[in-house]
Amino acid sequence: MNRLVAALIAGTIGIAVNTALLKAAAPLGIQAESGGLLRLVTRSLAPLANQTGVSEAWTRVGLPPPNSLIFWLGFHLATGLGMALLYAYVFEPLLPGNGLRTGSLFALVPWLINGLVVLPLLGQGIIGVRALPLSGIIYFFVANWSFTATLGVLYERWKR
C-alpha cells in the first residue's frame, strides 16, 4: 500500500476512534473540549459568509448547517485526514522510533495547537483552564492521542 492510501485509511480509522471517544465524554459525565476549531472557524468566517451570500446559498441548496452533527463529523474527518497527511509526509519521516512512538509524539501537535491557539481565541484560556475541569483537559488529550497513536501504528504497518 502506498503512503497516501495508508495515511488516508489509518487516518480515517484514527478519527473514528477519536470521534467515538469525544462523543462518549458527555454520557460519561466528562466535560471535554470538542469542536473548538470548528467554532473558531465558523465564528471567524460567519460575517464574510453572510456578506457574500454564501450562508444563504448554503441553506438554499439544503447543505447541513455548521452547528449540525453531520457538518461537525465532516469537518472533523477532513481535519483528521489533513493531519494524517501532515503526519505521513512531514512528521513521520523525521521522528524516531516505531509507529506508536511517532504517533504519540505527533499527538502533541494538534493538542498544543488547540490548547495554545484555538481555546485561548475562544476565551477558554490556555488548554481550556477557564472552561474545562482537569478531567476534561486530560480526557481531551487522551482522545487526541488515540487518534495519533492509531494513525501511527496503522500507518507504520501499511505504508510499505
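Which residues line the largest cavity? They are E33, W111, N114, G115, L119, I127, L132, G136, I137 and F140. This is a predicted model, where local features need pLDDT of at least 70, side-chain atom pairs count only at pLDDT 80 or more, and totals for chains, interfaces and linings use all residues. Residues are numbered from 1 along each chain as its sequence is written, and side-chain values use heavy atoms, with hydrogens and water left out.

**How the spaces are defined**
- On a 1 Å grid over the protein atoms alone, a cavity is a set of points where a 1.4 Å probe fits but cannot get out, while a pocket is an open set with protein on both sides within 12 Å along at least five of seven lines; lining residues have an atom within 4 Å of a point.
- Grid points are joined across faces, edges and corners, and a volume is the space filled by probe spheres set on the points.

**Cavity**
- There is one cavity of 30 Å³ or more, and the largest cavity holds about 50 Å³.
- α6 (108–121) and α7 (134–158) each give two or more residues to its lining (helices are DSSP runs of H or I, at least four residues, numbered from the N terminus).

**Largest pocket**
- The largest pocket holds about 420 Å³.
- Its lining has 22 residues, with L37, H76, T79, N114 and N144 nearest the centre.
- α4 gives the most to this lining, six residues.

**Second largest pocket**
- This one has a volume of about 300 Å³.
- Among its 14 lining residues, T42, A49, S55, P66 and F71 are closest to the centre.
- α2 gives the most here, with six residues.
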